[in-house]
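Hi,

Here is the structure I promised to pass on. Have a look at it first, then read my notes below.

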Amino acid sequence: MGNTSDRMAGDRHGAKAHRSDSSGSHKDQEPSSKMVDSTDDPNIFNTHGPESKASGEKEFTPDLDDLVKTGPQARPTVIRWGGGGREVYIAGSFNNWSTKIPLNKSHNDFVAILDLPEGEHQYKFFVDGQWVHDASEPIVTSQLGTINNLIQVKKSDFEVFDALQVDSLDSSDTSDLSSSPPGPYGQEQYIFRPEEHFKAPPILPPHLLQVILNKDTNISVSFCSLFHVYLCVVFLSLQDGVMVLSATHRYKKKYVTSLLYKPI
Amino acid sequence: MMSSPIQTQTPTFTMIIVNSMVDIWAECCAFATHDLMPHAGTDPDTFIYTNFMKNHCCYDAIPTSSKLVIFDTTLQVKKAFFALVANGVRAAPLWDNKLKCFVGMLTITDFINILHRYYKSPLVQIYELEEHKIETWREIYLQYSINRLISITPDCSLFDAIYSLLKNKIHRLPVIDPVSGNVLHILTHKRILKFLHIFGSMFPKPRFLQKRINEVAIGTFRQIATVQESASVYDALTIFVERRVSALPVVNEQGKVMALYSRFDVINLAAQKNYNNLNMTMREAIASRACCVEGVLKCYPHETLETIIDRIAKAEVHRLVLVDSNDVVRGIVSLSDLLQALVLSPAGIDALYS
């Protein structure tokens with residue numbers, strides 16, 4: 001219980017020496033970088049487990065605190081039920097077990113996105129008239145002797161959304177786009193550990209917000225300077241039965257962003 | 001030493017192969033790239049623009065970064081026209097997914113032709129505009145003519161590009177990379193003039209630019225297509241279709257020019273969803289134009305070529321209306337006329353009028 005601050009968790013893990021060095025020098029370079037929040041979990045770059053943060057990161061987190069106001073912030077959390085059924089609902093300690101929230105059927109399972117504040121919550125599913133818990137997710141025995149599912153909503157999960165929000169608000173400032181994101185950089189290959197599961201995908205690199213596509217422009221010629229960074233990216237838009245696929249190609253030193261309109 | 005019969009035959013064989021390769025490229029890069037020199041007695045500046053265009057290729061005129069909209073031929077025409085407006089582009093290459101190649105272009109001319117052919121009344125939706133796919137429209141429109149995509153490669157000279165634009169009487173020329181088959185850019189008269197205007201400062205201005213427009217007679221001065229203020233938008237579309245002009249001076253009863261209605265203004269009907277009321281008068285159509293135009297871009301017979309070229313380049317228009325002191329229409333000076341006169345005619349090539 002009580003896993004509020006991940007910053008302290010970094011002390012639990014050893015072998016931080018080389019990381020502090022790299023982040024130490026990082027500290028000197030960019031104390032005011034807008035890239036501050038743009039790494040989701042900096043631990044993605046190191047092999048020391050999901051909960052540790054380099055001590056050098058500490059100075060960046062005050063900015064994060066400014067963004068996330070003190071007090072429980074409710075953020076969208078995905079709840080999934082894969083056990084079949086026709087009608088699936090959820091209730092939990094987050095709504096005092098008062099109402100049953102319906103889950104939406106999505107292919108083979110049921111999904112709901114709930115705004116849960118940070119902390120620990122118990123919940124249970126109401127499937128076709130019966131209260132059941134999800135055996136594949138963490139469980140806890142409640143004081144009444146019933147088995148409920150348990151979910152820990154962590155602050156570190158929220159940083160992703162703050163980062164993306166900051167990025168899209170400040171995307172007009174391109175002055176720092178050429179610098180590398182903060183974080184420890186090393187020679188070790190990233191080893192994927194199946195037990196690490198991140199609740200959200202990595203955030204969009206900020207330079208992809210600068211594409212010629214999303215600019216409100218009436219002219220077809222533009223002078224954005226970072227063409228080469230989005231050469232291998234395909235953008236997709238689906239609207240009104242029309243699919244638009246877009247990619248940027250380079251021909252010698254010229255770049256053309258093509259948009260293909262196809263009916264679906 | 002006597003050469004063997006085999007040796008004397010081989011050169012002929014090689015020559016045949018080379019000739020056929022030249023034929024394949026003949027369509028694209030038709031003209032030799034050596035500079036033309038004036039012979040005795042002619043103005044030494046005659047070939048300045050001709051040589052400039054021969055010495056630069058289409059690749060040079062392509063912007064560093066640009067956007068290109070492409071439509072699959074199975075897309076509905078109405079969605080295609082709205083997509084043109086939404087993206088702020090005027091033309092789009094068409095991709096046929098069965099043939100796996102580009103087969104044509106969709107431009108405002110297609111929009112004009114569809115409206116003209118199928119419009120019945122303000123009360124009736126234009127069914128064909130609502131329901132047709134691009135491929136259905138092309139089948140109907142092209143049934144009496146052979147259509148192949150006119151394009152150019154990036155290494156062809158700008159001289160070749162100008163020739164192709166003027167000879168084929170088109171305003172959009174796709175530049176296609178022969179290796180990948182990708183469209184890189186849609187080249188236009190305006191883009192070429194802009195390129196010339198930017199780099200033209202590198203060489204001294206030819207003296208003939210100081211000649212007056214009425215001396216050099218560049219432009220159209222007879223049978224100018226115009227439209228009355230009181231005529232309907234549908235009448236204007238009819239003139240666009242029949243006369244194949246790109247803009248119409250809108251005149252009052254005295255022949256005085258009040259505004260200029262170009263093909264581009266027709267796509268505005270799509271932007272404002274007004275395309276179902278083609279009975280409105282030209283006066284109303286001009287008034288409802290979203291972008292306010294200060295006045296018609298005009299020129300007078302006594303103005304020099306240099307003034308006119310500068311004015312066209314700065315205003316980024318395709319033509320100026322030549323008027324007399326009473327603002328009565330006397331002629332049109334367009335980019336096609338200028339490029340023919342300054343670039344092609346010195347080389348003895350007439351593309352525009354042949």
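Let's start with a helix: helix 7 (residues 134-141) of chain B lies across strand 1, strand 2 and strand 3 of chain B, at about 85° to strand 3 of chain B. Helices (H or I, at least four residues) and strands (E, at least two) are DSSP runs, numbered from the N terminus. Contact means heavy atoms within 4.5 Å; axes are lines fitted to C-alpha atoms, for helices over the stretch in contact, with angles from 0 to 180 degrees between N-to-C directions.

Before going on: this is a predicted model, where local features need pLDDT of at least 70 and side-chain atom pairs pLDDT 80 or more, while totals for chains, interfaces and linings use all residues. Residues count from 1 along each chain as its sequence is written, chains are lettered from A and ligands numbered from 1 in the order written, and side-chain values use heavy atoms, without hydrogens and water.

Six strands make an open, mixed sheet in the order 10(A)-11(A)-12(A)-1(B)-2(B)-3(B); two strands pair if DSSP finds at least two bridges between them. Strand 10 (234-239) of chain A and strand 3 (101-107) of chain B are at the edges with a single partner strand each, so one side of each has no neighbour in the sheet.

In chain A, strand 10 runs antiparallel to strand 11 (residues 242-251), joined by six bridges. Their hairpin has two residues between the strands, and A:Asp240 in the turn has a positive phi of about 50°.

In chain B, strand 1 (residues 65-72) and strand 2 (residues 91-96) are parallel, with two bridges. There, B:Phe71 sits opposite B:Leu94.

Cheers
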